[in-house]
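Please open the structure in your viewer and keep the selection panel at hand.

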Amino acid sequence: MLKLFLPDEHVKSIFDIHPAVLKEKGIKGIITDLDNTLVAWDVKDATPEVIQWFKLMKEHDIKVTIISNNKQERVKIFSEPLETPFVFSARKPLSRAFKTVAERMDLNKDEVVVIGDQVLTDVLGGNFAGFYTILVVPIVQTDGKLTRINRKIERRILSYMRKKGKISWEE
C-alpha cells in the first residue's frame with residue numbers, strides 16, 4: 001500500500017526532465033500538475049523558462065497536458081497561451097482524469113509520465129492509475145490552505161519511508 005506513495009523518480013524541477021531521456025524510456029506524453037510544479041501557486045502566467053520547456057517537449061513530439069485540482073479560470077489563463085490542453089477540477093488523486101488524458105493523447109499507460117510536486121495528489125493518483133511518476137520539489141514553500149494540510153501528511157509519509165530506507169533524497 002505505501003508503495004503507491006512512492007514516485008518512480010524524484011528531481012529538483014521540471015527543467016531536470018529532458019525529452020531525450022523520456023524518449024529512451026518510451027515516453028510520448030506528459031501529464032503535469034500546474035501549481036508549484038510548473039510555476040509557484042500564486043503566479044498567473046508561465047515564465048520564459050517554462051515556455052521554453054514546453055517548446056522543447058513539442059519539438060521532440062512529446063504531448064503535454066496540464067491537470068489541476070484548481071478552478072477553470074486559473075488553469076485556462078495559464079494553459080491557453082501555451083496552446084496546451086488542460087483539465088481543471090481534476091479531483092486528484094482519483095484516477096479518472098489521468099486515464100482520460102492518456103486516452104485523449106491516444107497513448108498507452110507505459111507511454112505517459114505524471115509529473116507533480118505532491119505525493120498525496122500527483123504521485124498517488126498517477127501510481128494508482130498505473131503511470132510512471134516523477135515527483136518534483138515544490139517551487140515555493142508556501143501553499144494554499146488545503147495543500148498545507150496535505151503537506152503535513154506528506155512529510156510524515158516521506159519521513160517514515162526515509163527511515164525504512166525506501167527513499168534517499170532530502171526534502
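Which are the buried residues of α5? They are Val119, Leu120, Thr121, Asp122, Val123, Leu124, Gly125, Gly126 and Asn127, where buried means under 20% relative accessible area (1.4 Å probe, protein chains only). The model is predicted, so local features need pLDDT of at least 70 and side-chain atom pairs count only at pLDDT 80 or more, whereas totals for chains, interfaces and linings use all residues. Residues are numbered from 1 along each chain as its sequence is written, and side-chain values use heavy atoms, with hydrogens and water left out.

Select residues 119-128, helix α5, of which 9 of 10 residues are buried. Helices (H or I, at least four residues) and strands (E, at least two) are DSSP runs numbered from the N terminus.

Within α5, select Thr121. Its relative accessible area is 7%, so Thr121 is buried. Leaving aside neighbours within four places in sequence, Thr121 is in contact (heavy atoms within 4.5 Å) with Asn69, Lys92, Pro93, Phe98, Gly126 and Asn150. Just after the helix, Gly130 takes a positive phi of about 95°.

Next, display the sheet. Its 6 strands form an open, parallel arrangement in the order β1-β6-β5-β2-β3-β4; two strands pair if DSSP finds at least two bridges between them. β1 (9-11) and β4 (86-87) stand at the edges with a single partner strand each, so one side of each is left without a neighbour in the sheet.

Finally, select β2 (residues 29-32) and β5 (residues 112-116), which run parallel and are joined by 4 bridges. Here Ile31 stands opposite Val114 in β5.

Terms used. Buried < 20%, exposed > 50% of the residue type's maximum accessible area, 1.4 Å probe, protein only.
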